[in-house]
Amino acid sequence: ICNGCSHANKLREIERMLAPACPFCREPVVVTIEEFDKYQMKRIEANDPVAVRHKGVDQCDKGHYQSAFEWYSKAAQLGDVEAHCELSHLYGDGHGVEKDG
């Protein structure tokens with residue numbers, strides 16, 4: 001979804017006094033952590049590269065760098081360019097990867 005489409009959806013919601021919804025599928029926005037986790041896993045199972053990368057971000061934020069590396073690698077293989085950037089940060093910082101002797 002481009003920024004213009006996202007903005008148009010926001011305007012539609014405001015004008016019609018609608019609850020916030022996804023600009024792509026128009027499903028209601030997730031409001032609880034449990035709902036978010038369920039939705040994220042659904043997107044991951046569908047091989048959504050952005051959802052896979054975000055799972056890597058979650059793992060990295062928790063300090064689980066090896067797991068983050070695996071999620072970023074999968075997202076990169078699925079074509080997510082930002083996942084490549086995240087991998088470069090892990091390599092640069094030496095997190096979740098083998099260090100050179």
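The model is a predicted one.

**Aromatic pair**

A search of the whole structure finds one aromatic pair. The ring centres of F69 and Y91 are 5.7 Å apart and the ring planes stand at 85 degrees, so the pair is edge-to-face; the cut-off for this class is over 60 degrees. F69 has a relative accessibility of 18% and counts as buried, whereas Y91 is exposed, with a relative accessible area of 52%. V97 touches both F69 and Y91, and also L90, when residues up to four places away in sequence are not counted.

In soluble globular proteins, nonpolar side chains tend to be buried together. The largest nonpolar core here has twelve residues: I44, A51, V52, A68, F69, Y72, A75, A76, A83, L87, L90 and V97. The most comes from α4, which gives five residues.

**Salt bridges**

Side chains of opposite charge can pair when their charged atoms come close. The structure has four salt bridges.

| Pair | N to O distance |
|---|---|
| K10 and E13 | 3.5 Å |
| R43 and D48 | 3.3 Å |
| R53 and E82 | 3.4 Å |

The bridge between R53 and E82 joins two helices. E82 lies in helix α5 and R53 in helix α3, so this pair ties together parts that are 29 residues apart in sequence. R53 is buried at 8% relative accessibility, while E82 is partly exposed at 48%. R53 and E82 also belong to a network of salt bridges that includes D80.

K10 and E13 both sit in helix α1 (residues 3–15); they are three residues apart, which means a separation of about one helical turn. E13 is buried, with a relative accessible area of 4%, and K10 is partly exposed at 43% relative accessibility. In the bridge between R43 and D48, R43 is partly exposed, with a relative accessible area of 27%.

Note on methods
Residues are numbered from 1 along each chain as its sequence is written. This is a predicted model: local features need pLDDT of at least 70, side-chain atom pairs count only at pLDDT 80 or more; totals for chains, interfaces and linings use all residues. Side-chain values use heavy atoms; hydrogens and water are left out. Rings of Phe, Tyr and Trp (its six-membered ring) pair if their centres lie within 6.5 Å; planes under 30 degrees apart count as stacked, over 60 as edge-to-face and the rest as tilted. Buried means under 20% relative accessible area, exposed over 50%, partly exposed in between (1.4 Å probe, protein chains only). A nonpolar core is a set of buried Ala, Val, Leu, Ile, Met, Phe, Trp, Tyr and Cys residues joined through side-chain atoms within 4.5 Å. Helices (H or I, at least four residues) and strands (E, at least two) are DSSP runs, numbered from the N terminus. Contact means heavy atoms within 4.5 Å. A salt bridge is a side-chain nitrogen of Lys or Arg within 4 Å of a carboxyl oxygen of Asp or Glu.
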